[in-house]
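Good morning, colleagues. Please turn to the protein now on the screen; I shall go through its architecture step by step.

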Amino acid sequence: MSEPDWLTVHPWQQPTWQNWQRQLPQVGHAYLLAGQAGTGLSGLAHRMMQSLLCQASDGSAPCEQCAGCHALAQQTHPDALFLQPPEDKTVIPIDAVRAFSDKVYTTSHQGGRKVGLIAPAEALSESAFNALLKTLEEPPPGTILILLTHAPSRLPATLISRCRLWTVPMPTRKEALDWLGQACPQADDPLLKKALLVNWGAPLEAQRWIDEKGFEFEAQWQSDLKALQQNQQTVTQRVEAWLKQSEPQRVLDYFYLWTLQRIRGACYQQKWPLDPNWFAFQKAVLQAREYWHSNVNQALLLEALTHEWLAHLTPGYVPHEALKGRLIRGQAI
Ligand SMILES: [Zn+2]
């Protein structure tokens, strides 16, 4: 039986995986895996679960043959427990934590270990965090909890201190490009490079972006900016259209990529003089990304950035209120 993709340990995760295998004989009771989204953290975590539930393992890699390995690969292992946001939700509610903890404290079905995966940990609501703390502190013997996070800075210190924190490195640019080239053989080199840039160096996200034709939205966004420069459209009209896309926050990635290209073109290729305002604009884009998932008025936020982008083209441009924060937070002035 071949192992499913979601159990894959990627090449850039090998050092972490080898560390994991080395310390398996003295396994702890709670681990926090931290790493960037889109780099395959979930595959590594599932593989770790499999190594804990393998019945034939000698303490190294899972055998992939025994009943335990098969059941995990088929998602039917009764002692593999999962705590994640309900479908179509982004938050893990307290009720889900209670149901999870009940299962943790029930005797294992196979008489062996029980392994829980909590992903992503930053999705736990505040009350859910508190409800989980006791389970994290004193899980029953033979129980191992693996928490996964893409945003460790958003986790309370009380949670981090109860886990062994493992930071999983990003792939190097070469590792990411090699992997992406194999995953998307139909894509040419410039598209692979752009996909990685737009996706912050995360190869699995870049693959999804190519597969879902994210480049079509990017091309649309570029032609929208041209139309705006020529006054053929209003910012409100364009932002309305962007918000109808399945991932409107991509506009922020595209603006960010634009600033990178302007700054690199000036600093490394002397294509044009460096404009310090690009740094201010870039900072605003990064702030907007931070605020996007909190309760902002997304239309206002995108309009503010787009107006700012248009304004920077005019001579004597001075960064506007938008770059001082309030509009970027989606608040009307
Ligand atoms: Zn096995």
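Against which elements do the buried residues of α4 pack? They pack against β2 (80-83), β3 (114-118) and α5 (126-137), where contact between two residues requires that their C-beta atoms, placed from the backbone, lie within 7 Å. A residue is termed buried if 20 or more other C-beta atoms lie within 10 Å of its own, exposed if 12 or fewer, and partly exposed in between, with C-beta atoms placed from the backbone.

Before I continue, a word on the basis. This is a predicted model, in which local features need pLDDT of at least 70 and side-chain atom pairs count only at pLDDT 80 or more, while totals for chains, interfaces and linings use all residues. Residues are numbered from 1 along each chain as its sequence is written.

Let me stay with helix α4, residues 94-104. Its buried residues are A96, V97 and F100. They lie on the same side of α4, because they cover an arc of only 100° around the axis, the arc being that of the directions from the helix axis to the C-beta atoms. The face turned away from this buried side carries the exposed residues D95 and D102.

Now to the protein as a whole. It has 14 helices and five strands; these are DSSP runs numbered from the N terminus, helices being H or I of at least four residues and strands E of at least two. Of its 333 residues, 31% count as buried. The C-alpha trace spans about 70 × 45 × 30 Å along its principal axes.

Strand β1, residues 30-34, has two parallel partners to consider, and two strands pair if DSSP finds at least two bridges between them. With β4 (residues 143-149) β1 pairs over five bridges, and L33 stands opposite L148. With β5 (residues 164-167) β1 pairs over four bridges, and A34 stands opposite T167.

A nonpolar core is a set of buried Ala, Val, Leu, Ile, Met, Phe, Trp, Tyr and Cys residues joined through C-beta atoms within 7 Å. The largest has 39 residues, and L33 is one of those that touch the most other members. Helix α2 (41-53) gives the most to this core, with seven residues. Apart from it lies another core, of 15 residues, among them L252, F281, V285 and L305.

Finally, I turn to E308 in helix α14, residues 298-311. E308 counts as buried because 23 other C-beta atoms lie within 10 Å.
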